[in-house]
Amino acid sequence: MGIFQLQVLIIDDHPLIVEAISIAIESLRPDAQVTSVPSVEALDRQGAAQPDLVLLDMSLPGLSGLDALASVIARWPEVIVVIFSATDDSASIRRALSAGARRSEEHTSELQSPCNLVCRL
């Protein structure tokens, strides 16, 4: 029986955020395969395979917010999507959770919670 390798896709246009979250995931799950794209539109260009988990920034250039979430869910209906944003607009978070996101996390410039996020998944 093979070992399950967690496939994580980070969709965020900030390289430092992507790097911090990647390091946190890989430190907790060394077997995880973490990939990233800077936008939802980049998924089409790169032909990304279905991940187990998508970490989606809600403030992306181009397709953003609920439209980005809808695009990811339409592409991979069974994938777990965790949204994160620099704002804590509770109405937007409720709409995203209603639209299919499984969890919402606030990220700040200090990146206080990437390890907490990964530990809870």
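A word first on how to read it. Residues are numbered from 1 along each chain as its sequence is written, and side-chain values use heavy atoms, with hydrogens and water left out. Because the model is predicted, local features need a pLDDT of at least 70 and side-chain atom pairs count only at pLDDT 80 or more, while totals for chains, interfaces and linings use all residues.

The pLDDT, which is the predictor's confidence in each residue from 0 to 100, has a mean of 78 over the protein, and 69% of the residues reach 70 or more. Over residues 108–112 it is below 50, and beyond near neighbours in sequence this stretch has 3 contacts in the model, a contact meaning heavy atoms within 4.5 Å. Where pLDDT is low, the predicted coordinates should not be read in detail.

Turning to the fold, the protein has 5 helices and 5 strands, taken as DSSP runs (helices H or I, at least four residues; strands E, at least two) and numbered from the N terminus. From the N terminus on, these elements run β-α-β-α-β-α-β-α-β-α. Among contacts between residues at least 6 apart in sequence, 65% join residues at least 24 apart. Of the 121 residues, 38% are buried, where buried means under 20% relative accessible area, exposed over 50%, and partly exposed in between, with a 1.4 Å probe and protein chains only.

Which strands run parallel to β1? Strand β2, residues 33–37, pairs with β1 in the parallel sense over 5 bridges, and β3 is joined to β1, also in parallel, by 4 bridges; pairing here requires that DSSP finds at least two bridges between two strands. L9 has a bridge partner in each, namely T35 in β2 and V54 in β3, while V8 stands opposite V34 in β2. Together with helix α1 (residues 15–28), β1 and β2 make a right-handed β-α-β unit, in the sense that, with the strands pointing away from the viewer, the path from the first strand over the helix to the second runs clockwise.

How is α3 itself arranged? In this helix, residues 65–75, the buried residues are G65, A68, L69 and V72. Seen down the axis, they fall within an arc of 100°, taken from the directions from the helix axis to the C-beta atoms, so they line one face of the helix. On the other side, D67 and A74 are exposed.

I will finish with S36, which lies in strand β2 and is partly exposed, with a relative accessible area of 35%. Not counting residues up to four places away in sequence, S36 touches L9, I10, V18 and Q46. The C-alpha atoms of S36 and L9 are separated by 5.4 Å, although these residues are 27 apart along the chain.
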